[in-house]
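Q: Hey, can you walk me through this structure? I'd like to start with how the strands pair up.

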Amino acid sequence: MKKIFLLIILLIFIFGCTQQQKNLEKREPITVQIGSPQRQPQIIQQEPPQSPVNKPIVRTVKEFTVEMKQFSFSPSTIVVNNGDKVKLKITAVDVTHGFSLPDFGVETGPVAPGTTVTKEFTADKSGTFKFECSVYCGSGHPEMEGTLIVNMEG
Ligand code: CUA
């Protein structure tokens with residue numbers, strides 16, 4: 001009887017230990033589960049934020065030869081894009097004229113016949129701008145005008 005009794009006690013002890021181990025096994029995944037939600041935000045933070053790719057500023061030089069004669073400019077309309085560097089080779093053909101584009105600070109002063117004055121500027125604003133003859137050149141001088149069109153680049 002004593003042996004059987006000890007055996008029962010031993011079995012209860014072993015069974016109790018196994019139950020404790022099972023309980024410990026059950027707890028382990030819970031610990032992992034507690035840990036995993038903490039890791040998830042870290043993974044999200046590690047993703048690099050999408051930043052817009054900066055377009056490199058490319059300045060195109062646009063060159064024009066502008067002829068001045070009584071009482072017009074040739075060409076009378078110049079078209080460029082915003083951001084362009086504009087180079088004007090301004091020539092007087094018949095008499096002395098002047099080229100004035102005040103919106104971009106361009107002013108040649110008197111340009112004698114047969115000579116050329118070069119002016120450069122950056123078309124840094126969009127719109128339609130008037131240029132005109134700045135030196136009296138005859139009866140039609142007030143009508144000697146032209147147009148610069150600066151298109152928005154997009
Ligand atoms: Cu041409 Cu004034």
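This is a predicted model: local features need pLDDT of at least 70, side-chain atom pairs count only at pLDDT 80 or more; totals for chains, interfaces and linings use all residues.

Q: Which residue stands opposite Leu148 in strand 9?
A: That's Ile78.

Q: OK, and what's the strand order in the open sheet?
A: The sheet has 5 strands in the order 3-9-8-5-6, and the pairing is mixed. Strand 3 (77–81) and strand 6 (106–111) sit at the edges with a single partner strand each, so one side of each has no neighbour in the sheet. On average, neighbouring strands in this sheet are turned by 20° against each other, ignoring direction.

Q: New topic: how many residues are in the largest nonpolar core?
A: It has 24 residues, and Leu88, Phe99, Leu101, Phe121 and Leu148 have the most contacts inside it.

Q: Which strand gives the most to this core?
A: Strand 4, with 4 residues. Other strands that supply at least two residues each include strand 1 (61–69), strand 5 (97–101) and strand 8 (127–133).

Q: What does Phe121 touch?
A: Leaving out residues up to four places away in sequence, Phe121 touches Asp84, Lys85, Val86, Leu88, Leu101, Phe104, Val106 and Leu148.

Q: What about cysteines? Is Cys133 buried or exposed?
A: Cys133 is buried, because its relative accessibility is 6% and the cut-off for buried is under 20%. Cys137 is buried too, with a relative accessible area of 6%.

Q: And how many disulfides are there?
A: The count comes to 0.

Key:
Residues are numbered from 1 along each chain as its sequence is written. Side-chain values use heavy atoms; hydrogens and water are left out. Two strands pair if DSSP finds at least two bridges between them. Axes are lines fitted to C-alpha atoms, for helices over the stretch in contact, and angles run from 0 to 180 degrees between N-to-C directions. A nonpolar core is a set of buried Ala, Val, Leu, Ile, Met, Phe, Trp, Tyr and Cys residues joined through side-chain atoms within 4.5 Å. Buried means under 20% relative accessible area, exposed over 50%, partly exposed in between (1.4 Å probe, protein chains only). Contact means heavy atoms within 4.5 Å. A disulfide is a pair of cysteine sulfur atoms within 2.5 Å.
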